[in-house]
Amino acid sequence: MDSKIRAEFKNRFGAEGVRYASSGRINLIGEHTDYNGGFVFPGAIDKVIEAEIKPNGLDKVRVYSVDIDEYVEFGLNEEDAPAQQWARYIFGVCREIIKRGGKVEGFDAVFAGNIPLGAGLSSSAALESCFAFALNDMFNDNKIDKFELARIGQSTEHNYCGVNCGIMDQFASIFGKKGNLMRLDCRSSEFEYFPFDPVGYKLVLLDSVVKHELVDSPYNKRRESCERVAAKLGIETLRDANMEMLDSIKDEISAEDYSRAKFVIGEKERVLDVCDALMRGDYETVGKRMYETHHGLSADYEVSCEELDFLNDIAKECGVTGSRIMGGGFGGCTINLVKDELYDKFIATAREKFAAKYGHEPRVYDVVISDGAHRIG
Ligand code: ADP
Ligand code: MG
């Protein structure tokens, strides 16, 4: 990838630029907690977007996507938005920097990536973070602080790509650190690094490659349940609730709202528990909490699906340490913490059984927790 980017850049622009990279991410635990003011626990991975960039002295951006094999030029004013989706991520980052009083001048760029698109590893956040980090370094003497860089990526999704996302993906891509996960408090935006260096284990995602189209906006319904319970308890979000409080109003709320809130409250405690376990290097407890999260997402929050439950069952049968749905649910990946010696058998079994039942194999992504946005060399 590296040499391809360099050769392309040289070919197209007859010079050499500076190279930057930023990463995709996983979330070990802490699902559906962001809109409840709770914790998420992401880390950057060893799958990246890499870009070579050089100011061109013009008032336009010229950029080539290696993977899509497409070249686009655009100006830096609001009305210059390109039509190509991939270029809108870059345009959006430029605009969001400019809107905040930052500087962006014309530049040339060539970029490529190895993060599977739309698989739940946040390739779009990596793309935004790579350019946000680069343009801060190149034109702003790194004066824009890192959290603002993440917000620039998030605003790009909101304002230029029609995706109403939270901050986790861009945060993880920007702040990621090798051998560390980050517990992000979605209420205060404070965060803390925790060591994640599971010697003797692998982290692997199994992508079911299914996405169930849902008719009655289940995400909004989950959110509304949480808000109703919080209102009943007289608190702003379920962040401030515990099981005792929930049980005290059990008779006054629907069984469905009770189950939803039970998951959210449990999930907050599981994240904190996993952090404690990591401080002791206790990956077996981490794995147990992952299974509990899966069970809660499936039985209480009801955002799983047959394929993901099936993958989770296979993990259990194979003696995998931890396994759960990663992401919003209704399809996508499971994230699995697997002992080295079980890895081959687990992957082979999952491929075989899943294919026998659903007609296609799951995709397999090995991930290692790595650095986020950085300048190369
Ligand atoms: P994800 O869950 O991976 O973030 P999205 O649909 O949010 O999925 O973002 C994927 C989009 O990001 C792609 O459609 C493309 O526009 C852009 N993108 C991601 N990676 C690349 C890449 N390597 N080259 C070009 N565009 C990319
Ligand atoms: Mg995305």
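1. Arg-324 is buried, because 29 other C-beta atoms lie within 10 Å; a residue counts as buried with 20 or more other C-beta atoms within 10 Å of its own, as exposed with 12 or fewer, and as partly exposed in between, with C-beta atoms placed from the backbone. Arg-324 is found in strand 10 (residues 322–326). Leaving out residues up to four places away in sequence, Arg-324 touches Met-290, Tyr-291, Thr-293, His-294, Asn-312, Thr-334 and Ile-335. Contact here is defined as C-beta atoms, placed from the backbone, within 7 Å.

2. The model is predicted: local features need pLDDT of at least 70 and side-chain atom pairs count only at pLDDT 80 or more, while totals for chains, interfaces and linings use all residues. Residues are numbered from 1 along each chain as its sequence is written, and chains are lettered from A and ligands numbered from 1 in the order in which they are written.

3. The domain assignment, which is automatic or from a database, gives domain 1 (2–196 + 371–375) and domain 2 (201–366). Their centres, taken over C-alpha atoms, are 28 Å apart. The contact takes 22 residues from domain 1 and 28 residues from domain 2. Strand 1 and strand 8 (191–195) each supply at least two residues of the side of domain 1 that touches domain 2.

4. An open sheet of mixed pairing is formed by six strands in the order 5-4-6-3-1-13. Strands (E, at least two residues) and helices (H or I, at least four) are DSSP runs numbered from the N terminus, and two strands pair if DSSP finds at least two bridges between them. Strand 5 (70–75) and strand 13 (374–375) are the edge strands, each pairing on one side only.

5. Within the sheet, strand 3 (residues 42–55) pairs with strand 6 (residues 107–113) in the antiparallel sense over seven bridges. Pro-55 stands opposite Phe-107 in strand 6.

6. The largest nonpolar core has 102 residues, and those with the most contacts inside it are Ala-51 and Cys-130. Such a core is a set of buried Ala, Val, Leu, Ile, Met, Phe, Trp, Tyr and Cys residues joined through C-beta atoms within 7 Å. Helix 3 (residues 123–139) gives the most to this core, with ten residues. Domain 1 and domain 2 both give residues to the core, so it lies between them.

7. Beyond residues up to four places away in sequence, Ala-51 touches Arg-19, Tyr-20, Ala-109, Val-110, Phe-111, Cys-130, Phe-131 and Ala-134.

Conventions:
Contact = placed C-beta atoms within 7 Å.
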